[in-house]
Amino acid sequence: MKLFSVGVIGAGRIGKIHIENLLYKIPNVKLKIVVDINLNDNLRKWATEKGVSKLTNNPNDVFNDPKIDIVMICSPTETHAKFIQEAAKGNKHVFCEKPIDTDIKRIKETLSVVKETGIKLMVGFNRRFDRNFTRCYKSVVSGQIGEPQIVKITSRDPAPPPIDYIKASGGIFLDMTIHDWDMARFQARSEVEEVYATGAVLIDPEIGKAGDIDTAVAILKFENGAIGIIDNTRQAVYGYDQRVEVFGSKGCVIADNEATNTVRIYTAECTNIDRIPYFFTERYLDSYSSELQYFFECLRKNESPRPNGEDGLKNVIIALAAQKSYEENRPVKLSELEND
């Protein structure tokens, strides 16, 4: 079995998750280089403890190394398109965290380079690999619940991110709901043709001052006739609320929240269960290793992984259409943006 040599760019929160999976959970993979422009003593200590053999602040150390087969991009969004193109021109396959970029033209330019070079690109929409959502998808694919008619997604964070993050994130529809656009397409097995989005600032006025909203609802119309409903908030005081429901012509499949354990307490005063996970590092930890296992399996079989660059492009188009819908208070067809 081929041994893949990997370089990772970006060792922040998500980068560390991928690095640990590469080191401990993915067989026949050698992590050769980790790059982060913000090298400090804490990162060096962490890298040493984890057994990272080489740590650098120069991305070119990855792109210029002919022995590296795969580049994993976990750096800030504004670097993704550039790094994908650099990797592709060096004939290196790419796993890139979402989104590819926030500009449609820039994404299309990047995908052209990917196509020209023939490398394989996977975009990190990890929720497709969550065991609960995968089970929902299988119920749809098998026809068990018939033709999808309504897809409902609840995605609520436990607490707002820092204001500095919000100022640079592109807004809730790009930094948060983008996972839900992908999940809606995945479960409906159809592309979105129209979106109507509304929202408000109900949690922190500073979020509004930063030009964003913290509470949102979107209605999607799919090409197959199904309807999607997504609700988001940046603060659910009870934890990380992540639910999916697909209603079809023959039935319904629901993925509910998982409690942190299976214990239930029954007393005269109440019946309760323990809390749900607090954030994505608890809720989706297994999905991150599953998506990498799938990615490397595709490479070994010379198959094209999904979600791919086209999925990444479509999810960004939906996000931008939702933002336009919110700003103009009207439904927006994706065709209005697809030719940008």
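Phenylalanine 173 is in contact with Ile178, Trp181, Ala197, Ile213, Ala216, Ala319, Ala322, Gln323 and Tyr326, leaving aside its neighbours within four places in sequence. The model is predicted. Phe173 is also among the residues with the most contacts inside the largest nonpolar core. That core has 95 residues.

**Nonpolar core**

- Alongside Phe173, the residues with the most contacts inside the core are Val8, Leu22, Leu121, Trp181, Leu220 and Phe296.
- Helix α13, residues 309–328, gives the most to this core, with 7 residues.

**Parallel sheet**

- An open sheet of 6 strands runs in the order β3-β2-β1-β4-β5-β6. Its pairing is parallel.
- β3 (55–56) and β6 (121–124) stand at the edges. Each has a single partner strand, so one side of each is left without a neighbour in the sheet.
- Strand β5, residues 93–97, is joined to β6 by 4 bridges, and the two run parallel.
- Phenylalanine 95 stands opposite methionine 122 in β6.
- Helix α1 (residues 13–24) lies across β1 (4–9), β2 (29–35), β4 (70–73) and β5. Helix α1 runs at about 155° to β2.

**Mixed sheet**

- Another open sheet has 7 strands, ordered β12-β11-β7-β10-β9-β8-β15, with mixed pairing.
- Its edges are β12 (251–255) and β15 (332–333). Each edge strand has a single partner, so one side of each is left without a neighbour in the sheet.
- β11 and β12 run antiparallel and are joined by 5 bridges.
- Valine 244 stands opposite alanine 255 in β12.
- Helix α9 (residues 178–188) lies across β7 (148–156), β8 (192–200), β9 (215–222), β10 and β11. Helix α9 runs at about 155° to β7.
- α13 packs on the sheet as well, touching β8, β9 and β15. The direction of α13 makes about 50° with that of β8.

**Aromatic pairs**

- The count comes to 9 aromatic pairs.
- The rings of phenylalanine 133 and tyrosine 284 have centres 6.2 Å apart and planes at 55°, so this pair is tilted.
- This pair links distant parts of the chain, 151 residues apart. Phenylalanine 133 is in helix α6 (residues 131–141). Tyrosine 284 is in the loop between α11 (280–283) and α12 (285–300).
- Phenylalanine 133 counts as buried at 2% relative accessibility. Tyrosine 284 counts as buried at 1%.
- Tyrosine 284 also pairs with tyrosine 240. Their ring centres are 5.9 Å apart and their planes at 85°, so the pair is edge-to-face.
- Here too the pair links distant parts of the chain, 44 residues apart. Tyrosine 240 is in the loop between β10 (227–233) and β11 (241–248).
- Both tyrosine 240 and tyrosine 284 are buried.
- Elsewhere, ring pairs link Phe4, Phe95, Phe295 and Phe296 into a cluster.

**Cysteines**

- A search of the whole structure finds 0 disulfides.
- Cysteine 96 is in no disulfide. The nearest cysteine sulfur, that of cysteine 74, is 8.0 Å away.
- At 0% relative accessibility, cysteine 96 counts as buried.
- Cysteine 298 counts as buried at 4% relative accessibility.

Technical notes
Residues are numbered from 1 along each chain as its sequence is written. This is a predicted model: local features need pLDDT of at least 70, side-chain atom pairs count only at pLDDT 80 or more; totals for chains, interfaces and linings use all residues. Side-chain values use heavy atoms; hydrogens and water are left out. A nonpolar core is a set of buried Ala, Val, Leu, Ile, Met, Phe, Trp, Tyr and Cys residues joined through side-chain atoms within 4.5 Å. Buried means under 20% relative accessible area, exposed over 50%, partly exposed in between (1.4 Å probe, protein chains only). Contact means heavy atoms within 4.5 Å. Two strands pair if DSSP finds at least two bridges between them. Axes are lines fitted to C-alpha atoms, for helices over the stretch in contact, and angles run from 0 to 180 degrees between N-to-C directions. A disulfide is a pair of cysteine sulfur atoms within 2.5 Å. Rings of Phe, Tyr and Trp (its six-membered ring) pair if their centres lie within 6.5 Å; planes under 30 degrees apart count as stacked, over 60 as edge-to-face and the rest as tilted.
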